[in-house]
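These are my notebook entries on one structure. I record here what I looked up and what I found.

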Amino acid sequence: MTHSEILSKVDHTNLSQTATWEDIKSLCDDAVTCRTASVCIPPAFVKRAKEYTGNSMAVCTVIGFPNGYHTTEAKAFETRNALENGADEIDMVIHIGALKEKNEAAVLKEISELKKLCGSRILKVIIETCLLTQEEKITMCRLVTQSGADFIKTSTGFSSAGATFEDVALFAAHVGPDVQIKAAGGISSFEDGERFLTLGASRLGTSRLVKLEKAQA
C-alpha cells in the first residue's frame, strides 16, 4: 500500500485546545496537498475552514468532545450548528456512563437522533475503547449498527490510550456490513496505518502521517 493510498484514508486532525486559525489553516493546506480524506478540527473553526477550503476538502468536527457526558439536547445543538457552518462529517462521543449502566436504549436513541440530523452527511461514533470492557465494545458494535451511523471510531485521543489493532479487528468481526471503522489515537507510522487498514479500518484519525510525508518530501 503506497503512502498516497494510506493518506487518502486519513482524517488529518488538530483538536488541540491551543489551536489557532493559523494552525487550522496550515492543517487544511497540508490536507489538500496530501489529498487526505478530511480535516478534523474544533467546532469553532468549521465555518472558516469550510469557507477557506470550499469543495477541495471535507471538513469534519467533533461533538460532545472529549468526554461524551453532555446531554443529548446539547449534542443535538452542537451538531445542527456544525452542519449549518458547513461540516461534512461529524464525530460524536457516546455517553459512556449510560453504557456502563447498561442503558442501551439511551445510547442508541442518542446516536440515532444525531444520525437523523446528519442525514446524508457522515456520522462517526467515538466509543473510547480504552475505557470499555470487551463486552461493552461488542455491545457498541451492535448499537452503532442499529443506529444507522456510518462509522464506529475507537478513540478521542484525549483519554488513557488510543487505537489498538485488537480493537479494530474486534470491530471488524462484530459491526454490520454498512458500518465502517475509524482508528484514531496514537497512529504514528505508515506501517501502523497500513496494518489498521488491513485489519478493517477505512479511516485513520491522525496528524502524524502527513507530518512524516512532509518530512520525507
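The entries below cover a helix pair, aromatic rings and some backbone details.

**Basis.** I am working from a predicted model, in which local features need pLDDT of at least 70, side-chain atom pairs count only at pLDDT 80 or more, and totals for chains, interfaces and linings use all residues. Residues are numbered from 1 along each chain as its sequence is written, and side-chain values use heavy atoms, with hydrogens and water left out.

**Helix pair.** I took helices (H or I, at least four residues) and strands (E, at least two) as DSSP runs, numbered from the N terminus. I looked up how helix α2 (residues 21–34) meets helix α3 (residues 46–53): the two pack at an angle of about 40 degrees, and their axes are 10 Å apart. The axes are lines fitted to C-alpha atoms, for helices over the stretch in contact, and angles run from 0 to 180 degrees between N-to-C directions. α2 and α3 are therefore oblique to each other; angles under 35 degrees count as roughly parallel, over 145 as roughly antiparallel, 65 to 115 as roughly perpendicular and the rest as oblique.

I then listed the contact, meaning heavy atoms within 4.5 Å. On the α2 side I found Trp21, Ile24, Lys25, Cys28 and Asp29, and on the α3 side Arg48, Ala49, Tyr52 and Thr53. By class, this contact of α2 with α3 has 5 nonpolar, 1 polar and 3 charged residues. For the classes, Ala, Val, Leu, Ile, Met, Phe, Trp, Tyr, Cys and Pro count as nonpolar, Asp, Glu, Lys and Arg as charged, and the others, Gly among them, as polar.

**Aromatic rings.** I searched the whole structure and noted 4 aromatic pairs. Rings of Phe, Tyr and Trp (its six-membered ring) pair if their centres lie within 6.5 Å; planes under 30 degrees apart count as stacked, over 60 as edge-to-face and the rest as tilted. The Trp21 and Tyr52 rings have centres 5.9 Å apart and planes at 85 degrees, so this pair is edge-to-face. Trp21 belongs to helix α2 and Tyr52 to helix α3, so the pair ties together parts 31 residues apart in sequence. I checked accessibility next (buried means under 20% relative accessible area, exposed over 50%, partly exposed in between, with a 1.4 Å probe and protein chains only). Trp21 is buried at 14%, whereas Tyr52 is partly exposed at 37%.

The rings of Phe65 and Phe158 also form an edge-to-face pair, with centres 5.1 Å apart and planes at 80 degrees. Phe65 sits in the loop between β3 (58–63) and α4 (72–84) and Phe158 in the loop between β6 (151–153) and α8 (165–174), so the pair ties together parts 93 residues apart in sequence. Finally, I noted that ring pairs link Trp21, Phe45 and Tyr52 into a cluster.

**Backbone.** I found a cis peptide bond from Phe65 to Pro66, with omega near 0 degrees; Pro66 is in the loop between β3 and α4.

Lys102 has phi near 65 degrees and lies in the loop between α5 (96–100) and α6 (104–118). Glu128 has a positive phi of about 55 degrees and lies in the loop between β5 (122–126) and α7 (134–147). Lys102 is exposed, at 59% relative accessible area, whereas Glu128 is buried, at 2%.
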